[in-house]
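Colleague: I would like to learn how to read a model of this kind, feature by feature. Could we take each feature as a general idea and then turn to the case itself?

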Amino acid sequence: MRIIYDVLRDGLSAVETAHAQLARAQQQLSSGKRVSGAGDDPLAVQNAIGERASIGAIDAYTKTNEAASAQLALADHVLNGISDKLTSVQVAALSARGDHVQDSARSAAAERIRSLRDAVLADFNTRYRGTYLFGGTRVDQAPYANVGGVWTYQGNSDVVRVDVDRGRQVSITFDGRQIAQGSDPTDLFTVLDELAAAVETGDSDGIEAGMAAVERAFARTQRAIGALGADEQSIDEATFRLASMKRAAETRRASLEDADLVEAATRMSQADTAYRAALAAVSTAERQSLLDYLR
Amino acid sequence: MAGLFDSLSIAQSGLTAARIGLDVTGQNIANVNTPGYARRVVSQAERHPLEPGEAGRGVEVVEIRALRDVYIEGRIAREHGGEQYDAALLDGLETVESIVGLPGSSLDARITAFFDAFSELASDVTSMTARDTAVRESQALTTEFAAFAARLAEQRRVADHSIQDAVAELNDLAQSVARLNGRLLSGGGHDAESLRDERAVLLKRMAGLAGVTVVDRGDGAVDVTLGSGHALVVGANAYTMDMAAEPPNGFVSLTIADHDVTGQIGSGRLGGLLRLRDDLLPGYEARLDRLAWDLAAAVNARHAAGFDLDGNPGGPFFTMPATVEGAAAALEVSAAIAADPRLLAAAGSPAPGDNEVARAIAALRDEKVINGGAATATQAWAGLVYHVGSDVRTAESSRETREQIVRQLERLRDQHSAVSLDEEAANLMRYQRSYEANARFFTAIVDTLDILMNMVRR
């Protein structure tokens, strides 16, 4: 049987194969990536795109959570402030109750109540990043204003919700009227105005009615604080869950995309040996010829 | 009865045969690296004696043959066509592979950034910065769609130019084969084997270009046909493959004698290029167009139900073309919204703080709105990348297999036809020794004649 050794076809082919393996191992080591193109491992690349999309979604939710958390923390602070102020109103009204209270003391108490009303008004009209927190979705104008001598709610009953996780939303604005008025016939500011007037004139029935209305407003505020606290906890839970999901997704992504450097280094060493062996084989085979022995 | 002069004739025939043997050996050695060269061997035969009692009349060279295995040559040509088909396909696909890029650095990153922007907008819906970011990320997405579509279209144009070059080369080769057929039909003269060597090289190139079938006519010529049966060469006649630019994109269609053969070339470089231009690349374009169209349609549907920052109803967010085809290239953010992000209808009601539409668009990230609800936008893109990668892998695997087959067939052919320098070195020595021996015999006869002549002189 005639055996023909073609250096170009047989020898260089082996050299090229070994060189390609060496280059691939080098590329993996230098880039740290297991794949250099979709053709290297189509399924891994497809899954890696999915994992990156998941990580992108997790990052987006996490960002939303950070913003929502800051906004809810402010709302929490404001609502607690309103609670404190309503308590102060109760104290001021109580101090003016009874026949023994002098006019000057009643005037001071009334003034204190009006001052607290303005502070509560400022609380209800709190803005965060240019939007009002207690106007529902009407975030462009102050929720409460005195329009022609009448306290008017300028917001609406909707709220702005954001997604803090898949299928989980929280409200980041609030229906101010739900807190300031609820099912009462008048809003908190009218109540405070009337209470201040009753304190000023020593109207016991008016003071009693005003204090009861303030008590109900206090209860509504506490309920709002409770609901807000639940939302804040929901955000914390979502943030924790998202962080855990991101770690898992990053691990999966890395296993799909990143090179195992120890394995790559070993493969490179093997490929280097194979490359040198192929070169040596070609060189040796090329040197052997009967012509050398016929001189 | 034969005399001494007849002995000289025997010596002369031996010298001639040895010299021809040396020449053939030299020719083989000289052509050891010539593509298509089949090694030559000398066929010698004894010159029989004319009368009883004679030893014989020496030796004669009957013929100088080229050792070819037509069956293996045919198989090599067929497999070479397949190998070139895969190589052409792989060349184009590897470019597409680089176009689709790697996860996180391609269209998937733009899709994620697009949804991220709407997610941020939902958190701060009245912020002009957030609105501006949403518009800019949307423009970046449409730009990426258009760039990707343009690169695919460019690949199709490149394939079309390569097809034109391949057809021109195929026609030239067909002319050359027909010309060689003509010379072989008229006998071929003394260089018939050289002509066959030359033709074998041309036929292999033709097979590499279009996977042709070669039929030996038995009269020295061969006919060459495409896989579909359309003739390119019949005897000494060549038939031109014609090209005509076709609307809408001006890509060429191929005809032979007015028969459209564009879809009938399934092998060779031409077959691979046609598959790339007319099947794979349009398939990727269609998937990209579908992704762009469905995503834009889903966004527009939500945007149209919303209200802008001034409480006015929203119009289309993306300006879409009339048909799905070409959507990736033509998709743009509405010029009015791009000029004034206040017009971005992020609200579900006229209240400016409402973020329902921004949330709904951000939620499209997880909604299966592509291909009639079959995939999310990212999944559709990942599916396209998977298809490209899978096609690359299939072509690579097929090419490697065919390379192995061709290499094995070439080894088989070489066992029969290739020049072995070791063998030629042995032949060189053999014919050299033969020449020396014949020359010695010639000298011996001349010496004998001298003895005879000296006897006569005395």
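Predicted model: local features only at pLDDT ≥ 70, side-chain atom pairs only at ≥ 80, totals over all residues.

Colleague: Which residues have the most contacts inside the largest nonpolar core?

Modeller: They are I113(A) and M206(B). If neighbours within four places in sequence are left aside, I113(A) is in contact with V89(A), A92(A) and A93(A), and also with L192(A), L195(A), A196(A) and V199(A).

Colleague: You mentioned α4(B); how many residues does helix α4 of chain B have, and how far does it reach from its first C-alpha to its last?

Modeller: Helix α4 of chain B covers residues 128-185, which is 58 residues, and it reaches 84 Å between those two atoms, close to the 86 Å expected at 1.5 Å a residue. Just after α4(B) comes G187(B), which takes a positive phi of about 105°.

Colleague: What should I keep in mind when I read backbone angles?

Modeller: Most residues other than glycine have a negative phi, and most peptide bonds are trans. Against that background, A257(B), which is not a glycine, has a positive phi of about 50°, and D258(B), likewise a residue other than glycine, has a positive phi near 70°.

Colleague: Where do A257(B) and D258(B) lie, and are they buried or exposed?

Modeller: A257(B) has its place in the loop between β8 and β9 (259-260) of chain B, and D258(B) lies in the loop between β8 and β9 of chain B as well. A257(B) has 11 C-beta neighbours inside 10 Å and so counts as exposed, while D258(B) is exposed because it has 6 other C-beta atoms within 10 Å.

Colleague: And is the peptide bond from P247(B) to P248(B) cis or trans?

Modeller: The peptide bond from P247(B) to P248(B) is cis, with omega near 5°, and P248(B) is found in the loop between β7 (241-246) and β8 (251-256) of chain B.

Colleague: Turning to chain A, how should I read its overall form?

Modeller: One approach is to set the radius of gyration beside the value for a compact globule. For 295 residues that value would be near 19 Å, but chain A has 38 Å. The C-alpha atoms of chain A fill a box of roughly 140 × 30 × 25 Å along the principal axes, and 38% of the residues of chain A count as buried. The domain assignment gives domain 1 (1-32 + 261-288) and domain 2 (51-251) for chain A, and the centres of these two domains are 74 Å apart, taken over C-alpha atoms.

Colleague: What is the secondary structure of chain A?

Modeller: Chain A has seven helices and six strands, in the order α-α-α-β-β-β-β-β-β-α-α-α-α along the sequence.

Colleague: Finally, how many residues does each chain bring to the contact between chains A and B?

Modeller: Chain A brings 43 residues and chain B brings 48 residues. On the side of chain A that touches chain B, α2 (42-95) and β5 (161-165) each supply at least two residues, and α2(A) gives the most, with 16 residues. By class, that side of chain A has 19 nonpolar, 12 polar and 12 charged residues.

Methods
Residues numbered from 1 in each chain as written. Chains lettered and ligands numbered in written order. Domains from an automatic or database assignment. Contact = placed C-beta atoms within 7 Å. Helix = DSSP H or I, 4+ residues; strand = E, 2+ residues; numbered from the N terminus. Nonpolar A, V, L, I, M, F, W, Y, C, P; charged D, E, K, R; others polar. Rg over C-alpha atoms; globule rule 2.2 N^0.38 Å. Buried ≥ 20, exposed ≤ 12 C-beta atoms within 10 Å, placed from the backbone. Expected span 1.5 Å × (residues − 1). Core = buried A, V, L, I, M, F, W, Y, C linked by C-beta atoms within 7 Å.
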